[in-house]
Amino acid sequence: AVFASLLFAAGSAWSGEVGPGLDNESCLGCHKDATFESPAHADTQCAECHTNITAAHKDAVPDDQKLEGDAICAACHGMAAKQLPKSVHADHTCKKCHGPAHKIESASTPDSKISSTGQMKTCGKCHDEVIASFEKSVHGKGLLKSGLTEASPSCSDCHGAHNVGEHADDKAKTGHIKSPETCGACHQSVLKEWAASTHGALWKDGKDGPVCVDCHVDEHDVQDPTSAEMRKHIPIDCGGCHQEGLETFRDSFHGKATELGWSTVAMCSDCHTPHRNLPASDPQSSIHPDNLKATCGSCHAKEVEVAGFMTFDPHVNPHDPATLPQLRFIYYFMTGLLLGVFAFFGIHLLLWLQRGLVGKLRGEFKAGHGGHGPYVRRFTRGQIWIHVSIVVSFLLLAVSGLPLKFATAPWA
């Protein structure tokens, strides 16, 4: 009877669950092929994750007791388990981003798959084009070339770790509503300045105003806005909303110089400031009448002292009745003169062409130059040079002026 009791107790112990107090050495005594090299879980015991392991063979364990990878992680990482199913990565498993369970490293470890630099490969497996664009940006260069792992953002800094949402989702960190706060986590002073602007006021009121990603174009290929290449894009970027302002800017000297590729001339952000854009009626605005001398003086230090210089209007609209009559007269006069010259010489050319064809058909031109009969000199030497100078000057004006005048036209 005693032997039977001991045999029954031994069988019960073999078929029961392994206690949570079982240490790793005991597990590795049998599972010699298992290697546990996870710095992130260095103090974690096998039984803390493998909570439903029994002494029975794995094939004998009921299906409802078999291990499920993500469910094991959720026992400790509950918040991540709640966020992931609601994100765009709902179909991803923990191991897809974090790697094998026994080799998971902390995000602060440089070699980790989810470290700031490791994310380039991990996220790049699916988003290779995005990563290629990011690597060329100021953020990518700061992270990968300069090694600023704490200062430069990586994927999760902008998109979140487990709560990555669609751009159209208002709750997404990169969406219209939250993107200023996302960028402002690093650019705090810029966010504070921008929030006080007209654009920031629209954002605060929940209206459809421009935010960071609207002006900085490609959020993955963000370039230095002070570079010559990016400065040339500023008028176009602002013109996406301020179409009338873009058209009048292009007609100004600043706009013409910009079209020629001069990046040092004044752009939108030079006069209106990059982030603190305010209407001219606001006393704090850079284009308020009381502040114009300081604004224009940043480039024209001497000229602002000249009487009348401050009356310059960089956005003249000759079609606006409120524009100075003198400016409107000059605009319409020059436009009429241009059209008149084209019309006059066009008609002149057509009439000579018609006369030549008719004369040829009638046989009026029986002899060419050097033939018999009297020789009539049509132009004097002075008249010849006048015609030459007119033709040359006209062609030079056409070659230099028309491309600049219509540089942005669809047919140009």
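Q: What kind of model is it, and how are residues numbered?
A: It's a predicted model, where local features need pLDDT of at least 70, side-chain atom pairs count only at pLDDT 80 or more, and totals for chains, interfaces and linings use all residues. Residues are numbered from 1 along each chain as its sequence is written, and side-chain values use heavy atoms, with hydrogens and water left out.

Q: OK, how many helices and strands are in the protein chain?
A: There are 22 helices and zero strands. Those are DSSP runs numbered from the N terminus: H or I over at least four residues for helices, E over at least two for strands.

Q: And what share of the chain is buried?
A: 21% of the 412 residues. Buried means under 20% relative accessible area, exposed over 50% and partly exposed in between, with a 1.4 Å probe and protein chains only.

Q: How much space is in the second largest pocket?
A: About 1900 Å³. A pocket here is an open set of points on a 1 Å grid over the protein atoms alone, where a 1.4 Å probe fits, with protein on both sides within 12 Å along at least five of seven lines; lining residues have an atom within 4 Å of a point. The volume is the space filled by probe spheres set on the points, which are joined across faces, edges and corners.

Q: Which residues sit closest to the centre of that pocket?
A: Out of 49 lining residues, the closest are Met334, Thr335, Leu338, Leu402 and Lys405.

Q: Which helix gives the most to the lining?
A: Helix 21, with 16 residues. The elements giving two or more are helix 17 (243-250), helix 18 (253-259), helix 21 (325-362) and helix 22 (381-405).

Q: How does the lining divide by residue type?
A: Into 29 nonpolar, 11 polar and nine charged. Ala, Val, Leu, Ile, Met, Phe, Trp, Tyr, Cys and Pro count as nonpolar, Asp, Glu, Lys and Arg as charged, and the others, Gly among them, as polar.

Q: Switching topic: how many aromatic pairs are there?
A: Five in the whole structure. Rings of Phe, Tyr and Trp (its six-membered ring) pair if their centres lie within 6.5 Å; planes under 30 degrees apart count as stacked, over 60 as edge-to-face and the rest as tilted.

Q: Why is the Trp194 and Trp203 pair called tilted?
A: Because their planes are at 50 degrees, with the ring centres 5.4 Å apart. Trp194 is buried at 8% relative accessibility, and Trp203 is buried too, at 16%. Tyr331 and Tyr332 make an edge-to-face pair, 5.2 Å centre to centre with 75 degrees between the planes. Tyr331 is partly exposed at 28%, as is Tyr332 at 40%.

Q: Where is Cys158, and what is it in contact with?
A: Cys158 is in helix 10 (residues 155-159). Leaving aside neighbours within four places in sequence, Cys158 is in contact (heavy atoms within 4.5 Å) with Pro153, Lys173, Thr174 and Thr182.
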